[in-house]
Amino acid sequence: MFEGLKALPQDPILGLMMKFREDTNPDKLDLGVGVYKDEQGNTPIMESVHLAEQQLLITESTKSYIAPAGTILYNQRMRELVFGADHVVLKEGRIASAQTPGGCGALRMAAEFIQGCNADSAVWVSTPTWANHIPLLGGAGVTIKEYPYYDYEQNNVQFDAMLASLEAASAGDFLLLHGCCHNPSGADLNQEQWQAVTELCARKGLIPFIDMAYQGLGSGLDEDAYGVRLMADTLPEMLVATSCSKNFGLYRERTGTLFIVAGNAEQAANAGSQLFNKIRSHYSMPPSHGAAIVETILSDTGMNQQWQEELQAMRQRIQSLRKMLVQKITATGIDRDFSFIEQQFGMFSFLGITPQQVAQLQRDYGIYIVDSSRVNVAGLNDDRMDYFVNALVEVLR
Ligand code: PMP
């Protein structure tokens with residue numbers, strides 16, 4: 001049965017990680033993989049997470065099953081974090097939610113839910129989008145359509161083209177948007193643009209499907225949720241997938257949430273029952289540990305405050321690296337404008353260099369970035385900035 005199987009090509013980013021590990025260049029620099037790194041190049045466990053784990057070690061009394069939806073308290077705390085504690089959809093009980101194995105689990109279960117609602121609904125994704133969106137959604141059998149998003153010439157959102165393209169969407173189609181810190185481009189919708197997309201969804205009967213994997217890493221916890229909250233204020237239905245991988249640093253603990261907002265409480269409960277049924281037939285129940293940490297932190301005033309301070313420090317580090325990078329590139333006198341990097345959000349930006357130049361950075365300098373020229377800005381630090389800027393300017397000569 002297995003003899004005829006052919007090896008599949010490796011995932012490009014995982015392949016890049018492996019190549020980096022094997023590279024013996026002492027100056028090598030990993031700007032490829034999408035994890036936050038501190039000034040020392042580590043992806044540390046947050047102090048607030050340590051504290052919550054210590055508490056859990058003492059208080060956790062069972063490893064028995066939870067439920068397909070996860071724990072009630074985790075779901076409640078995440079609703080408050082994402083929508084805001086006073087949001088009307090919370091008050092009206094119009095949200096069903098589930099604790100999921102990471103943001104990936106939320107995205108895949110959203111796709112399974114969409115297929116169950118209406119197999120003819122398409123999901124519209126931005127071009128470009130996070131590479132794993134396509135397999136995660138397509139794997140559930142969902143039809144994927146694309147709308148133009150990033151303008152590689154202007155290094156910004158090509159908003160008019162996006163809106164024009166979405167005119168072709170049909171009522172009942174889903175519109176996948178990045179809540180903040182667009183991966184891979186770092187180019188986000190501004191508030192006016194969120195308003196215009198909300199109007200478009202209302203007019204055409206499109207259902208927003210927001211992937212928010214970086215809440216708190218762009219402009220702030222509330223600021224980054226602007227789009228989600230606006231759409232939930234205005235539109236009757238939406239899906240929101242979130243991840244605690246980045247903002248709690250819980251990557252390997254696989255912690256995420258899927259929210260379904262519906263027209264009223266009864267519809268939300270029905271939609272939830274459909275979702276939990278899908279979950280039961282996929283992985284039955286989510287892993288517990290990461291969500292228990294999040295629930296503990298968000299339920300404790302002191303830990304919550306500490307977590308927010310740690311998150312703020314991460315966000316500010318990314319912002320100052322973006323600033324420093326633009327300053328240092330500009331100071332070389334190179335005749336090319338990189339100021340867009342400072343205006344973008346989250347860990348990623350496209351440098352806008354060719355695949356040959358990307359390969360040259362890797363070969364001559366041991367600098368690893370994704371072929372598309374996406375860099376993880378958080379992979380830089382004060383010590384390595386000059387090395388990187390010098391290499392970039394050299395390959396651009
Ligand atoms: N969405 C986007 C846009 C992402 O970048 C990521 C993580 N790279 C995820 C979702 C999901 O992450 P995870 O499954 O690790 O929580």
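Modeller: A residue is near a molecule or strand if its C-beta atom, placed from the backbone, lies within 6 Å of it. This is a predicted model, in which local features need pLDDT of at least 70 and side-chain atom pairs count only at pLDDT 80 or more, while totals for chains, interfaces and linings use all residues. Residues are numbered from 1 along each chain as its sequence is written.

Around the ligand stand 13 residues, and Gly102, Gly103, Cys104, Ser243 and Ser245 come nearest. With three residues, helix α5 (residues 102-117) gives the most to this shell; helices (H or I, at least four residues) and strands (E, at least two) are DSSP runs, numbered from the N terminus. The shell holds four nonpolar, eight polar and one charged residue, where Ala, Val, Leu, Ile, Met, Phe, Trp, Tyr, Cys and Pro count as nonpolar, Asp, Glu, Lys and Arg as charged, and the others, Gly among them, as polar.

Turning to the strands, seven form an open sheet with mixed pairing, in the order β2-β10-β9-β8-β7-β3-β4; two strands pair if DSSP finds at least two bridges between them. Because β2 (95-100) and β4 (143-148) each have a single partner strand, they stand at the edges, with one side left without a neighbour in the sheet. Neighbouring strands are turned by 20° against each other on average, direction ignored; axes are lines fitted to C-alpha atoms, for helices over the stretch in contact, and angles run from 0 to 180 degrees between N-to-C directions. Strands β9 (residues 238-243) and β10 (residues 256-261) run antiparallel and are joined by six bridges, and Ala241 stands opposite Leu258 in β10. Helix α7 (residues 159-166) packs on the sheet, where it touches β3 (122-127), β4 and β7 (174-178), and its direction makes about 145° with that of β4. Here, contact requires C-beta atoms, placed from the backbone, within 7 Å.

Among the helices, α3 (residues 72-83) and α12 (residues 289-298) have axes that come within 9 Å and cross at roughly 60°. They are therefore oblique to each other, since angles under 35 degrees count as roughly parallel, over 145 as roughly antiparallel, 65 to 115 as roughly perpendicular and the rest as oblique. In this pair, Leu73, Tyr74, Arg77 and Leu81 of α3 meet Ala291, Val294, Glu295 and Leu298 of α12. The contact of α3 with α12 comprises six nonpolar, no polar and two charged residues.

How values were computed: Two residues are in contact if their C-beta atoms, placed from the backbone, lie within 7 Å.
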